[in-house]
Amino acid sequence: MSVRVRFAPSPTGALHIGGVRTALYNYLFAKKNNGTFILRIEDTDRTRFVEGAEAYIEKSLAWAGIIPDEGPSVGGDFGPYRQSERRDIYSKYAQQLVAEGKAYYAFDTSEELDAMRDRLTEAGVVNTQYNAITRMQMNNALTLSKEEVQVKIESGEPYVVRIKMPRNEDIRFKDEVRGWVVVNSATLDDKVLLKSDGMPTYHLANIVDDHLMKITHVIRGEEWLPSAPLHITLYEYLGWEAPQMAHLPLLLKPDGNGKLSKRAADKLGFPIFPLNWNDPQSGEQSKGFKENGYLPEAFVNFLALLGWNPGGEQEIFSGEELIDLFSLEKINKAGAKFDIEKAKWFNQQYLKQISNDEIAAKLVELFPDLKGNDLLPEIAHSLKERVTFIEEMKVAGQFYFERPTVYNEKMVKKKWNELAVEKLQGFAKELSKQESVKADEAKTIFTEYLAQDETPMGRVMPALRLSLTGEGGGPDLMHIIQILGPQEVADRIALAVERLN
C-alpha cells in the first residue's frame, strides 16, 4: 500500500509552531516515500470553532511550502475533508459498535456525573473516571433493561455513546519513535464516541477517517500518546488494521522547563505562530514569523531540526535535501528546546543566499517609498552579510537613502583632524574627475593619492567613512563609494568638512 499521511488540525485558533512542525514531518515523510499528504480539518467540536481559523491554517502551510495533495481546497478522492461535513458516516460506526456490545448508550446528566466524581473523591479514589467499574453504577444501557433504553431513546432523552473498554487487558502497540508501548486498560476510561448532539468526538471521527482515507502512518504530537491505546482498541473493535504510529517530541521552552506556550513566547518576545493572527474572540493580535521578517525556507529548515536530525554536522538543508534525508528513525524521543537565536541564525544564512534583485523587490514591498531606486540591488549586496532580516536594511543602510546630518561623536573626537580633512578634500577632487567608479577603481584612486606623500590609509579612512555614513563602521567603504557615485561622495565630504570644522 502506498504511503498516505494526514495533518489534522482543529480550527480552534491560530496554528501553533508545533502544529506546523507536525505538518512538516508528515509532508517530508510523504514526499520521501512518493506518498500522499492530506490536510483534514477536524472541526467536530463546534463549541470551540473559531471563524477564520481554517483559512489561517491553509495560508500558514502555503507560506511554509507545505502543500497538501488532498484537502478542503484541493479536493481528492476521499473528501469531504471537513469532519463536520462527514457527520452521518461516523454515526453508522458508532451504532455498529453498540450493536456488537463494544459501546453503549449513556444517559447520565451532568449532575449525575458530578455526583459520581464526588463519591469517588470522598472515597479517596484518585482517578475519578467513568470506567469498567464505575459504569455499573451509572445511568446507561449496561445497567438498564433493553426496554428502558428503548423508551429513553424514543422519548428523545439526550444520550451519548461510550466505548466499552475491557476491564483488565494489556493494550500493546509499536511506536516508530518510542518503540513498544504497553498500557493496561484498567487505567483507561470509557470515552465518549458520539456526543448528545450527534457529532462524533475526536476519537471516533479520527479513527473512522484514517481508515476510510487509507492512512498508513499517523505522525502526530506527543500529547496524543495517552489517547493511542483507546485508538488501538477502536481499530480492533471495528476489525481494521491500525496504521503505524509515531508520536513526536514536545517543543520545549528555551530553558527546557516545560512545553512551549504562547504565554512563554510572549514573555520572551518571540513569535509562536507562522503568520499574523488576529483573534476574533479576544481581539488580541499576535505577530507571526513571516511578519517578523523570517524567510519561509529558513523557518522550515529551523523547524525540521527541532526534534529530528539526519546526523553529521550539516545544518543548512534545501527542501529537496530534507525530503531525501528524512526518516522516522532519526526523530528524537526527548523534547526539543526552542532557541530563537538559532532561528535568527538560520534566517541570516538564507538571506545571504538570496539574489540581490529578490531582496530589492522585498525592500520595495516593505518600504514603498523606495520604489524606483535603481541602486537597491547593489545596496542589498552591500548589506545582506550584516543584517538578520531584510527590513533591517532600511536602518542599516539609511546613509544610502539620505546624507548624514549627525556624525558619531566618539569617532569625530578620535579620527577627525586637519590631516584627514586635507586628504579627504584632495581625494574628493581626484574622484570627481570620474563620472562613475567601481569599488576597485575607487580603492586605486584613494591609495595612489595617499601614496604621493606616503600618508597611511589608517589616518584617513575612518574620517572618509564618517563623512559618507556618519558612523564608524559599516559595509565595505569602497563599495559604498561605488554605489553613491563620485559626485555624491565629493558633496558629502564637503558637507562633513563644513559641519565638523
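A crossover is right-handed if, with the strands pointing away from the viewer, the path from the first strand over the helix to the second runs clockwise. The model shown in these views is predicted.

**View A. Strand S8, helix H7 and strand S9 form a right-handed β-α-β unit.** S8 covers residues 217-221. Its partner S9 covers residues 244-248, and the two strands run parallel. Five bridges join them. Within this pairing, Gly 221 stands opposite Leu 248 of S9. S8 is mostly covered, with five of its five residues buried.

**View B. Helix H7 is the helical part of the β-α-β unit.** H7 spans residues 228-238. This helix is mostly covered, as 10 of its 11 residues are buried. Among the buried residues are Pro 229, His 231 and Thr 233. Gly 239 follows the helix and has a positive phi, near 75 degrees.

**View C. The largest pocket holds about 1200 Å³ of space.** It is lined by 47 residues. Closest to the centre are Pro 9, Ser 10, Thr 12, Glu 223 and Trp 224. Strand S1 (4-7), helix H1 (17-32), helix H6 (202-212) and S8 each give two or more residues to the lining. H1 supplies the largest share, five residues. By type, the lining has 18 nonpolar, 14 polar and 15 charged residues.

**View D. The second largest pocket holds about 330 Å³ of space.** Its lining includes Trp 63, Lys 290, Glu 291 and Gly 293. Tyr 294, Leu 295 and Pro 296 also line this pocket. Further lining residues include Lys 362, Glu 365 and Leu 366, along with Ile 390 and Glu 391. Helix H12 (residues 356-366) gives the largest share of the lining, three residues. The lining divides into six nonpolar, one polar and five charged residues.

**View E. Ala 298 is a buried residue of helix H9.** H9 runs over residues 296-304. The relative accessible area of Ala 298 is 1%, so this residue counts as buried, for which the cut-off is under 20%. Leaving aside residues up to four places away in sequence, Ala 298 touches Phe 346, Asn 347 and Tyr 350. Phe 317 lies 19 residues from Ala 298 along the chain. The C-alpha atoms of these two residues are separated by 9.2 Å.

**View F. A cis peptide bond leads from Gly 79 to Pro 80.** The omega angle of this bond is near 5 degrees. Pro 80 sits in a loop between two helices, H2 (53-63) and H3 (87-99).

**View G. Lys 214 has a positive phi without being a glycine.** The angle is about 60 degrees. Lys 214 belongs to the loop between H6 and S8. Its relative accessibility is 44%, so Lys 214 is classed as partly exposed, between the cut-offs of 20% and 50%.

**View H. Glu 454 has a positive phi and is not a glycine.** Here phi is about 60 degrees. Glu 454 is placed in the loop between helix H18 (439-451) and helix H19 (461-469). Glu 454 is exposed because its relative accessible area, 69%, is over 50%.

Terms used. Residues numbered from 1 in each chain as written. Predicted model: local features only at pLDDT ≥ 70, side-chain atom pairs only at ≥ 80, totals over all residues. Heavy atoms only, no water. Buried < 20%, exposed > 50% of the residue type's maximum accessible area, 1.4 Å probe, protein only. Helix = DSSP H or I, 4+ residues; strand = E, 2+ residues; numbered from the N terminus. Pairing = 2+ DSSP bridges. 1 Å grid on protein atoms, 1.4 Å probe; cavity = no way out; pocket = protein on both sides within 12 Å on 5 of 7 lines; lining within 4 Å. Points joined across faces, edges and corners; volume = space filled by probe spheres on them. Nonpolar A, V, L, I, M, F, W, Y, C, P; charged D, E, K, R; others polar. Contact = heavy atoms within 4.5 Å.
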